[in-house]
Amino acid sequence: MTRITTRIAHLRAAGVSFVVELRAPLPRILHWGEDLGELADDGLAALALTADAAVVNSAPDEPRQFTVWPTEADGWSGTPAHQGHRAGTATTPRVTMTGAEEGQDTLVIALRDTVAGLDITLTYRLDPSGVLGVRSRVACPAGAPGKVPYDLAATTTLLPLPNRAQEILDFTGKWCRERSPQRGRLAFAGHVREVRRGRPGLDAPHLLTVGVPGFGFRTGEVWALHVGWSGNQRWLAERLPEGAGVHGGVLGGGELLAPGEIRLAPGDSYTSPECFFAWSAEGLDGLAGRLHTMLRSRPGHPSSPRPLTLNTWEAVYFDHRPERLLALADAAAAVGVERLVLDDGWFLGRRDDTAGLGDWTVDPQMWPQGLAPLADRVHGHGMQFGLWVEPEMVNLRSRLAREHPEWILGPSAGLGPSSRHQYVVNVAHEAAFAYLLESLDALVAEYRIDYLKWDHNRDLHEAVQRGAHDGDRPGVHAQTRALYRLMDMLRARRPGLEIESCSSGGGRVDLGVLARTDRVWASDCNDPVERQAIQRWTGQLLPPELVGTHVGGPRSHTTGRISDDPFRLITALFGHAGIEDDLTARTPEELGALTRWAALYKEVRGLLHGGRVVRADLDDDATQLHGVVATDAGSALYCWSRTETSVPGQSGRVRLPGLAPGRPYRVRIRTEAGLPAVHQIIAPAWYRAAVEGWVPMPGAVLAGAGLPMPTLNPGQALLIEVAAREPSH
């Protein structure tokens, strides 16, 4: 809903208000956060009146304002909205509003930088979920005088934070430990994260959240930012002693540009990545709920049931004997797999990770009849067929590198060190782009490929495009745009093709790539101890159906840790589930357990992929309770797990979040994945009864008082199902 007066735009959706005063010379942001309701003209006027800050000591003689495009001209000493120059001049922007257009859920503001001669368009869109998407466009008009281009150094989208937002949460990580949370106080300074990897990276900020001290999953007011971009990024939360107008600080982000990367000649323009801002008064689960709702409302969001997937990597690695893979396909079909993905090792010269990347044709020595025998067997079982590719990468031991060294992204002075024995293809090179598009399209067509696992296994260092006459130019921005164009064109040619974003595991998890892919691979680590945390925090941004969650063999190939079946199977259930194991080496008993689990996944995936993700705030970090609750609170599935030992002998009563306290329910323990080993003599009475069948429970007990959970041994999990029941008469 939008309410407009002559001077103030008020966007409202799902309990969120965004208010901008459209005044000369530059609009200012009055409020972003809790819904202010249907403000009448006097209410909007009062909001504008109270937006004037005091004039403090040692400060400009007029009150500081926080505008939609903050610069030093406003008396703003924080990060500016844009930076740049024309051959060292035009470094002090003077920005004024030239127009504004308000729609039902959008506000578009036209600005003019009279010093640099730039036109700026700032677009806000408040999604029905309450998530605010912001994008800017900076243009050098076609008729602009002079021949010196404008070097755009940065654009940063900035929104205000109140003084009470003083605690910050973001993420770091490494291979097999993605999205590891880090948390602390937001001091008077800038908390700045710059991503220089050419991808978000295994240590990506993911979602930068600032909130009231002590915010948790279920409680506390929080504000968050996601930069929807797959290249270099910049994220910040900033507090200055003088504040930001009447606000306490700012939250912002955008693309991190290399020097000289964006040069605007007359007629040129730059469009920033979209930044997504979310607010919630209900903690981290409230943020996740808004983001999940937004993603699920996209026209291209996966709508069909997410097929149970088997990926062949941990089953065979580079051992691509056709007979072995045909047997694996048969075994997969027998346990209920619906999609088989042939991983790395199928293409020309690929026997290990030192050769072959770039040559996207089937190796005739390994596959004398091509992939047809395997693809046909997979399709014959009624399964989908998927294939691993890494189009953006090349080994020097490849035909592509020998024949087209000019297609490699790197400096004219010589390539730097390899990473995983590979370098980067300059996808923005038109000939390289055409080769990749035609190669991928031919594979998809010939083998009726349903799904591509699209990998990206190194950072982009010295990512410059070699120029014959004008020297080497920074290339990450062009590379990222070319990647998007390649994916978009391939999917336009092959409607129905699905793509997974994989990048050394979870190194490219962002809403830019997810605008043209169907899920992400959260991590190369399938160890359930690590996965409990990785999936928990990946889910802070993405709903479960967009996150690949596979069960591996008993011994994790990345950590060496051995885990029991229930822990592995239940952990992998809460996402787009799959298998990463050699089924031909499993016993009949193990295959039976996988078959029961596969049937369970198909039974509950409608709930898991359409409900609200909930997570409990617990005092014991060794235990976790998370689940998915139907939107009408009529059913739910929870995982209670323990990753390590801890001092408390009992958990006490643990509330099941998301249920309706006034509603009658019934509870049972699902046993298809097996029962956990417990660290107690006798389990709680309710648990013993629920293992045998349904136990009636009022919502007041489940959501209000809580259940005394069994004390599990480390590396164990159990599955709790809740369903509404009709009240007795």
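Colleague: Which residue forms a salt bridge with Asp-285, and how far apart are the closest N and O atoms?

Modeller: A salt bridge here is a side-chain nitrogen of Lys or Arg within 4 Å of a carboxyl oxygen of Asp or Glu. Asp-285 has Arg-615 as its partner, with the closest N and O atoms 2.8 Å apart. That pair links distant parts of the chain: Asp-285 sits in helix H2 (residues 283-296) and Arg-615 in strand E34, 330 residues apart. Helices (H or I, at least four residues) and strands (E, at least two) are DSSP runs, numbered from the N terminus.

Before we go on, this is a predicted model: local features need pLDDT of at least 70, side-chain atom pairs count only at pLDDT 80 or more, and totals for chains, interfaces and linings use all residues. Residues are numbered from 1 along each chain as its sequence is written, and side-chain values use heavy atoms, with hydrogens and water left out.

Colleague: Are Asp-285 and Arg-615 buried or exposed?

Modeller: Buried means under 20% relative accessible area, exposed over 50%, and partly exposed in between (1.4 Å probe, protein chains only). Both Asp-285 and Arg-615 are buried.

Colleague: How many salt bridges does the count come to?

Modeller: By that rule, 53. One of them joins Arg-493 to Asp-441 at 3.3 Å, N to O. Arg-493 lies in helix H8 (residues 476-493) and Asp-441 in helix H7 (residues 430-446), so this pair ties together parts 52 residues apart in sequence. Arg-493 is partly exposed at 36% relative accessible area, while Asp-441, at 10%, counts as buried. There is also a network: salt bridges with shared partners join Glu-603, Arg-668, Arg-670, Glu-672 and Glu-721.

Colleague: Back to E34. What is the strand order in its sheet?

Modeller: Two strands pair if DSSP finds at least two bridges between them. The sheet is open, with 6 strands in the order E34-E35-E36-E41-E38-E39 and antiparallel pairing. Strand E34 (612-615) and strand E39 (695-698) are at the edges with a single partner strand each, so one side of each has no neighbour in the sheet. From one strand to the next, the twist averages 25°.

Colleague: How many bridges pair E36 with E41?

Modeller: Strand E36 (residues 635-642) and strand E41 (residues 716-724) pair in the antiparallel sense over 8 bridges. To find your place, take Trp-640, whose bridge partner in E41 is Leu-718.

Colleague: Which helices lie across these strands?

Modeller: For angles, axes are lines fitted to C-alpha atoms (for helices, over the stretch in contact), and values run from 0 to 180 degrees between N-to-C directions. Contact means heavy atoms within 4.5 Å. Helix H9 (residues 528-538) lies across E34, strand E35 (623-629) and E36, at about 45° to E35. Helix H10 (residues 565-573) lies across E36 and E41, at about 50° to E41.

Colleague: What does Arg-605 touch?

Modeller: Leaving out residues up to four places away in sequence, Arg-605 touches Pro-305, Arg-306, Pro-307, Leu-308 and Glu-338. Arg-605 belongs to helix H11 (residues 588-608) and is buried, with a relative accessible area of 12%.

Colleague: And the whole chain: how many helices and strands are there?

Modeller: The protein chain has 13 helices and 41 strands. Of its 729 residues, 59% count as buried. Among contacts with a separation of 6 or more, 71% come from residues 24 or more positions apart. The C-alpha trace spans about 80 × 75 × 40 Å along its principal axes.
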